[in-house]
Amino acid sequence: MAVDAAGTAPPAAPRTALVIHGGAGFVPKDSISEAQRVAYHAALNRALDAGHAVLAKGGTALDAVTAAVVVLEEAPEFNAGKGAVFNAAGKHELDAAIMEGHTRRAGAVAGVTTVRNPIRLARAVMEHSPHVMLAGDGAEAFADTRPELERVPNTWFDTERRREQLEKAQRAERDKRAAVRDSDSDAAPYFGTVGAVALDARGHIAAATSTGGMTNKRYGRVGDAPIIGAGTWADDRCGVSGTGWGEFYIRAAAAHDICARVAYRGDSLQTAADEVINRLIPAAGGDGGAIALDRDGNIAMPFNSGSMFRGWVHPDGRRGTAIHEAEPER
């Protein structure tokens, strides 16, 4: 290590890190065309570029996760923002949450229908209201007070692929052949929820999650993504964004439980994340994955569903994207 004239070493470069996901589920390799595979990796890399650019300029973890998730909300490959799944009425109801670890500030929205980037609305709830979560018409009314938020007709979120999934799910429901869940195949579900967790040069962590929920959902169903502690959590040691069968993540307080194991038991991030995602959730009957990051820049990306769309930038600059378990880190 180089030293100066006084014999002291220069301060270490700030350590930053970023990890993102575009959903977990069982998506067989042969069900994805080469063009789709290229599009998935390109979208993940665009999100990494956006978030990492913020961190590289000394920006905050909060700004980094916002930037990354906005890119993923704009990518029709994933179930968030453009490309969100349809509910039973053929509409879109979007959920999102964001949390800043060192302050424990948080914002969340559920069942919004006209805000182009729900993660930006969740952040506005955190920064410009006394509340943590707003839902439905109330969240839309609050959005009316924030001129910086872009509004779109609900049909803006439509994609033909998601409409086909709705039709398939409704046919299966009528024929009583399958449980109603977000599915890209006849065999198993794919949860296209998106999320990001970042560590900035100040040592601060933030986490963000955004989703369209489950195909063919009814009754204003809300999953884990916007629920602080279930699908989204950040504190001064650890941050988590989950993707999976939300009812089970809610019951397990999955995101918080991972970070609690780090804080209270002294578990490594990997041990804590594996225990919650790969043991507790499946034992209860659920499945999915999560991304997690700690204040030392350690990254964990457990999933038990056969695939999870994910990307990462380690503190040393190593970077990659992947979909399936057998894929090498890119």
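Me: What makes 56% of the 330 residues in the chain count as buried?
Reply: A residue is called buried when its relative accessible area is under 20% (over 50% is exposed, and partly exposed lies in between, with a 1.4 Å probe and protein chains only). Buried residues make up 56% of the chain on that rule. This is a predicted model, where local features need pLDDT of at least 70, side-chain atom pairs count only at pLDDT 80 or more, and totals for chains, interfaces and linings use all residues. Residues are numbered from 1 along each chain as its sequence is written, and side-chain values use heavy atoms, with hydrogens and water left out.

Me: What makes the 51 residues a nonpolar core?
Reply: The term covers buried Ala, Val, Leu, Ile, Met, Phe, Trp, Tyr and Cys residues joined through side-chain atoms within 4.5 Å. The largest such set has 51 residues, and Ile-20, Phe-78, Ile-98, Val-109, Leu-121 and Phe-309 have the most contacts inside it. Helix α2 (residues 61–74) gives the largest share, 9 residues. A second, separate core has 37 residues, including Cys-238 and Tyr-249.

Me: Which residues is Val-109 in contact with, leaving aside its neighbours within four places in sequence?
Reply: Contact means heavy atoms within 4.5 Å. Among the partners of Val-109 are Leu-94, Leu-121, Val-125 and Pro-226.

Me: Why are β8 and β11 said to stand at the edges?
Reply: Strands are DSSP runs of E, at least two residues long, and helices are runs of H or I, at least four, both numbered from the N terminus. Two strands pair if DSSP finds at least two bridges between them. The open sheet runs β8-β9-β10-β11 with antiparallel pairing. β8 (232–234) and β11 (299–300) each have a single partner strand, so one side of each lacks a neighbour in the sheet.

Me: How do you know that β9 and β10 pair?
Reply: DSSP finds 7 bridges between β9 (residues 238–244) and β10 (residues 288–294), in the antiparallel sense. For one of them, Cys-238 has Asp-294 in β10 as its bridge partner.
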